[in-house]
Structures are given as structure tokens and as C-alpha cells.
Amino acid sequence: MNEIVESLQPRFAGIKPRESSDHPAIQCPVGFILPLIECLRDEFDYKLLSDVTAVDWGEEESPRFSVVYHIFSIKAAAHIRIVADCEDDENPSVPSIVSLFPAANWHERETYDMFGIRFEGHPDLRRILMWDEYPYYPLRKEFPLAGIETELPDAEIAEETRAKVLAAPMMGGPFVAKEGEPMSRSEPRAKDQSWTEWSKKTLEEE
Amino acid sequence: MAETKEISIGDMGARAGSYHDELQGEDMEINVGPSHPTTHGVLRLLMELDGDIITKCEPIVGYLHRGDEKIAENMTYNQFVPYTDRLDYIAPLANNVTYAMAVEQLAGLELPPRCQAIRLLVTELARISSHLLGIGVYGMDAGAWTPFMYTFTEREKLYGLFEELTGARFTTSYTRIGGVARDVPEGWLQRVLDFCDQHLPILEETTKLLTRNRIFMDRTEGVGVISKEDALAYGITGPNLRACGIDLDLRKDRPYLGYDQYEFDVPVGTTGDCYDRYLVRAEEVRQSIRIVRQVIKNFPDGAWYAEDAKKIYKPAKDKVLTSMEELIQNFMIVTEGPRMPAGEVYFEAENPKGILGFFIVSKGGGVPYRMKIRSPSFCNLSILPKLCPGSYLSDITVLLGSLDFVMGECDR
């Protein structure tokens with residue numbers, strides 16, 4: 001399964017096979033992302049970029065962010081997964097692959113939007129799903145599910161209506177048991193029962 | 001009010017050069033959407049026009065962003081099934097199936113043949129339903145109202161079948177991890193066959209209204225041509241990619257659910273224009289009916305869920321109420337979620353709109369650590385800044401109609 005990885009290893013010192021149960025996977029240092037993906041595209045026929053995304057391994061972990069690429073080869077009808085760990089946990093960044101795959105443009109913008117990972121060399125790195133002025137990165141692990149109270153995107157409307165983007169009233173949900181905990185604590189209880197729709201959650205508790 | 005300018009007419013030929021700049025006018029900026037019938041949802045296009053010709057197009061997406069990926073990290077695998085209905089809400093059954101299969105691949109679960117056949121059947125019915133909407137609405141975008149009426153009548157019949165099977169017309173939530181919610185009702189398969197029989201003539205009638213319709217052809221032929229290279233580079237998938245002449249259909253190339261057991265053709269376009277995209281969809285409906293008939297002909301018996309997956313699929317209700325072991329099993333699956341091993345999995349399936357992919361990172365337990373949804377509409381729309389410049393503003397309606405996207409899936 002990992003023949004590709006083995007044949008690439010002499011050319012790109014530092015890449016390693018990554019544990020995977022489905023597709024061949026490569027653990028790649030950030031510096032090799034561009035040449036490696038270019039090589040896969042031109043020499044191994046991985047021509048369809050399926051997906052670019054990231055994983056946040058949690059605030060305590062280092063490296064905290066991994067960027068994950070999935071590329072598809074039509075000839076072999078197979079995927080390959082490339083994972084690069086961002087070196088800096090505070091200001092994560094990886095090189096952009098828009099020059100190789102225009103499809104990466106929106107994927108990278110989305111990853112930047114959700115995780116705050118900068119893609120160096122991206123032609124137009126703006127938020128895509130959230131509005132431009134949004135101050136948080138919603139898919140980071142410390143971001144609460146309910147959301148955080150924020151100003152409306154349009155200052156004029158905000159002033160007129162005095163409305164804000166509010167956290168969702170979830171009555172302290174979500175109602176799921178946490179994985180790996182003993183039975184007594186695994187019942188579907190609210191994670192935080194101190195607030196409801198009627199008694200508002202205070203900001204300190206976030 | 002704009003200032004009125006006086007232009008002396010005289011010898012126009014001689015003056016044409018010198019007055020050129022004055023007569024040129026300004027580029028116009030125009031917003032289409034986010035709430036506009038052309039955009040089939042809440043897509044917003046910010047366009048710059050030179051006269052009637054688009055010079056720049058910037059799609060602005062995200063108006064329907066609900067944070068599905070964040071939600072997925074906070075609930076058990078089965079609880080997320082209803083959220084997949086709301087991705088591509090034109091074909092919820094296909095999303096249900098793709099999602100369940102992604103999670104099952106993480107668990108390394110093999111499904112019994114009957115379960116696979118049921119899933120394949122509902123996926124194809126969802127494809128028919130989605131393409132019928134695609135064709136009908138596309139015709140309407142191009143000014144042909146009648147096909148829309150025909151296809152919606154047909155979709156209504158499909159909704160009836162879905163309701164009988166799943167209990168819901170629209171938001172079906174039919175799959176569970178390790179199987180489906182319930183077996184097919186008695187006589188349902190025959191009713192699906194009846195639908196196929198009576199649908200084909202109506203489909204022919206509907207497509208007759210479009211395929212050789214002079215006005216429809218004039219509006220779509222040669223409009224919005226996507227080259228093979230561009231289609232690949234921008235990650236276009238599904239009927240839109242096949243219309244460009246690239247023969248990529250995961251049902252054939254990476255068969256899942258036993259697609260390799262059935263005979264069907266993959267229609268491929270030649271020019272990649274709006275007309276080809278219509279032809280490909282229309283033919284895919286016929287092929288789907290062909291598959292549906294084959295599936296029902298050899299419909300396997302047996303269980304409709306993985307019987308050995310005791311920690312994943314909930315036991316039958318009557319057993320839960322009478323047997324201790326099943327009661328505990330039921331309790332554990334409801335509270336903690338299905339037991340999954342740690343690992344990473346990326347699964348893609350050929351959905352009506354294109355390739356839908358789920359990337360799931362699990363640290364074990366019943367809740368995913370991270371789930372990314374690779375939605376076909378998101379990728380298909382990313383070509384608009386490249387595709388639109390140079391075409392007429394009035395072509396935008398057919399162009400968007402031919403791409404057949406769903407914003408619920410694009411924005412997630």
C-alpha cells in the first residue's frame with residue numbers, strides 16, 4: 001500500500017509513511033509540501049485535488065495543527081493522504097498549493113477561516129464562510145459549540161438595531177455523553193446545567 | 001442624475017477614435033443574490049459588467065453556514081445522521097448512505113447483502129429525484145416552464161415512496177451506523193418498479209420538450225464551456241465533470257455497495273457546455289432506473305443491519321424490553337454512541353451533485369474528534385470566477401442552472 005511513499009522517500013528526505021487504514025498516507029514536513037504535491041501530480045498522476053483541511057489536536061498539544069490533503073488519481077482510482085504538521089502553534093502557516101491546483105483556493109480559504117492557519121502565497125486569503133470581520137476561528141477546539149457573542153458585520157445596521165450575534169440558546173447542551181468516561185458520568189446530561197434560555201450564561205464561564 | 005453631455009454628430013467615422021473614451025461609459029458593478037431565484041438558494045455573485053458582458057465574477061458563499069462540522073464533533077455518530085439530510089437537501093438519502101458508509105469504514109464493518117441493496121436502491125432513487133429537480137429547474141431558468149411541472153409531479157411520487165420507507169418525505173434520516181433504520185415495507189419494492197415503469201415514458205416526454213427545443217439549445221449550446229483541464233484543476237466532480245468528457249464515476253471506478261454487480265453506462269459529454277450538462281443528467285436518470293430494476297430483480301434476503309456489530313447497531317426494540325443484555329447494549333449505544341476504533345478515514349461516494357467525501361478523525365469512542373465534509377457543490381462553484389468572465393449577464397441563469405448546486409451542501 002505504501003509503495004509510493006517508499007519510492008518517494010529517497011527524493012524527499014524527512015517524509016514518513018503515516019499510519020492509515022484506508023489510503024496510502026504520507027507525513028510530510030511543511031517545507032516539502034509544494035515539491036511533493038507537484039511530484040505526485042506530474043509523475044504519479046494524482047490530478048484531482050479532493051480536499052484540503054486541517055485538524056486541531058487541542059491547545060495542549062504540540063504540534064497543534066495538522067493540514068491534511070487528499071488527492072485522487074483517476075487512472076489508479078486511488079486517493080493519497082498527505083499530512084503536514086504546522087511548526088508554529090500560535091501562528092500556524094503552510095505554503096499554499098493554489099499555484100498547483102486552483103481548486104485549493106477555496107479549500108485553503110475555508111481552512112484559514114475555520115482554523116486561522118495561514119497559507120503563504122495564497123492569492124486571496126480571506127474568510128469564506130464567516131464574514132470578513134469575524135474575530136474567532138470556529139473550528140478550533142477552544143471555541144464553544146454555542147458560539148460567542150459578536151458584533152454584527154455591518155456597523156451601520158448594528159448601530160441602528162443594537163443587535164448582536166448571540167450565542168445559541170442550548171440550555172447547557174449538547175446532550176451527549178463524553179467518550180471514554182465511566183458509566184456513571186456517561187449518561188446524556190448537559191455539560192453545563194447552570195444556564196438555560198431564561199437564565200443567561202455569563203461571559204466568565206466561557 | 002448623471003450629467004448630460006453634448007456630442008456633435010457630424011462626421012462620425014472621423015470622430016470615432018477621439019470620442020471613444022467618452023462614449024465608453026463606466027464598468028458597472030452588480031449583485032446577483034443572495035436572495036434571487038437564479039441562485040437556487042443563497043449564493044451571492046458580485047459581478048463587474050462591461051455593457052452586457054461580465055468582466056469579473058466573485059461568488060460570495062457562507063449565507064447558509066451552520067457549522068455542521070463543529071456540531072459533528074459534539075455528538076455521537078448516529079445523532080449526526082439527521083444533519084446529513086440538510087447537506088444536499090435535494091437528495092438526503094444519498095447523503096445518509098455516504099455518511100454511514102464513511103463511519104462504517106472507520107469501524108471496518110461489513111454489511112449484509114440486503115442492507116447494501118437497500119442502500120443502493122435508495123441512493124439511486126435519490127439520484128433520480130435530484131436530477132429531476134436539476135433538469136426541471138434548469139429548464140425553468142432557460143424559460144421553459146413545462147418540464148418543471150412534469151418533473152415535480154414525478155418527484156412527488158418519489159416523495160410518496162420515501163415517506164413509506166422512512167417516515168419522512170424530505171428529511172429522511174434513514175441510515176444508522178451499521179445498517180438502516182428499518183426494513184423495506186411489504187409491497188414497497190413492487191411500487192418502486194411500478195414507478196419506474198410509468199416514469200420512463202414521462203421522462204421521454206419531458207426531455208422531448210428540451211433536448212431538441214430550438215430556444216433551449218440556442219441558450220445553452222456553447223455557453224459556459226468548461227475544458228477538461230479546467231474541470232480537473234478546479235476539482236469539479238459529478239455530472240458536471242462527466243459533461244466535460246472525463247469518465248470519472250466512483251460507482252464504476254471505485255465500486256462500493258456492490259455497484260460492480262450491476263450493468264449501467266456512464267454518460268460522458270463532449271464539449272462541456274451547459275447543453276452537455278443537461279444531456280448527461282437526463283441520461284443518468286435512465287441509467288439509474290436501469291440499476292433500480294436490476295437491484296429489485298435480485299433483491300437479497302436476510303438482515304438489513306450488521307448482526308455481529310453489537311456495539312454499533314442498536315438491538316430490536318422488543319428485545320430491549322425483555323432481555324437484560326440487549327437493554328444494556330441499547331443503553332450504551334444511546335448514551336455513549338457506537339464504539340469506534342481510533343483512526344483516520346476518508347471516504348468518497350458518487351452523489352447526485354458530485355463526489356461527497358467525509359474525512360473522519362476518531363480517537364475512539366462514540367464521538368468523532370474531527371469531521372470534514374468535502375461537498376461537491378462547494379468545489380463546483382469555485383470555478384465561477386474563471387467561468388463567468390466573457391459571458392453575457394443573461395447567460396448567468398442557465399450557467400448556474402446547469403451547474404446544479406445546493407447551497408446547504410456548499411456552506412454546510
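In the predicted model, helix H18 of chain B, which spans residues 396-403, is mostly covered, with 8 of its 8 residues buried. The buried residues of H18(B) run from B:Ile396, B:Thr397 and B:Val398 through B:Leu399, B:Leu400 and B:Gly401 to B:Ser402 and B:Leu403. The packing partners of these buried residues, again within chain B, are strand E1 (28-32), helix H6 (113-141), helix H9 (214-220), helix H11 (239-243), helix H13 (274-297) and H16. After H18(B) comes B:Asp404, a residue with a positive phi near 50°.

Chain B, to which this helix belongs, contains 19 helices and 8 strands, and buried residues account for 51% of its 412 residues. Along the principal axes, its C-alpha atoms fill a box of roughly 100 × 45 × 35 Å. Of the contacts in chain B with a separation of 6 or more, 72% are between residues 24 or more positions apart. The mean pLDDT of chain B is 86, and 94% of its residues reach 70 or more, while for the complex the predictor gives an ipTM of 0.83 and a pTM of 0.85.

Chain B also holds an open sheet of 3 strands, in which the order is E6-E7-E8 and the pairing is antiparallel. Strand E6 (340-351) and strand E8 (370-374) of chain B form the edges of this sheet, each pairing on one side only. Neighbouring strands of the sheet are turned against each other by 5° on average, direction ignored. Between strand E7 (residues 354-365) of chain B and E8(B), the antiparallel pairing extends over 5 bridges, and B:Ile360 stands opposite B:Met371 in E8(B). Helix H5 of chain B, comprising residues 92-107, lies across E6 and E7 of chain B and runs at about 145° to E6(B).

The contact between the two chains takes 39 residues from chain B and 36 residues from chain A. On the side of chain B that touches chain A, the elements giving two or more residues are helix H3 (68-72), helix H10 (228-233), helix H15 (324-336), E6, E7, E8 and helix H16 (376-381) of chain B.

Chain A has 4 helices and 9 strands, which follow the pattern α-β-β-α-β-β-β-β-α-β-β-α-β when read along the sequence. Buried residues make up 31% of the 206 residues of chain A, and 44% of the contacts in chain A with a separation of 6 or more involve residues 24 or more positions apart. Strand E3 of chain A (residues 48-56) is mostly covered, since 9 of its 9 residues are buried. E3(A) runs antiparallel to strand E4 (residues 65-73) of chain A, to which it is joined by 8 bridges, and within this pairing A:Val55 stands opposite A:Ser66 in E4(A).

Notes:
Residues are numbered from 1 along each chain as its sequence is written. Chains are lettered from A and ligands numbered from 1 in the order in which they are written. This is a predicted model: local features need pLDDT of at least 70, side-chain atom pairs count only at pLDDT 80 or more; totals for chains, interfaces and linings use all residues. A residue is buried if 20 or more other C-beta atoms lie within 10 Å of its own, exposed if 12 or fewer, and partly exposed in between; C-beta atoms are placed from the backbone. Two strands pair if DSSP finds at least two bridges between them. Axes are lines fitted to C-alpha atoms, for helices over the stretch in contact, and angles run from 0 to 180 degrees between N-to-C directions. Two residues are in contact if their C-beta atoms, placed from the backbone, lie within 7 Å. pLDDT is the predictor's confidence in each residue, from 0 to 100.
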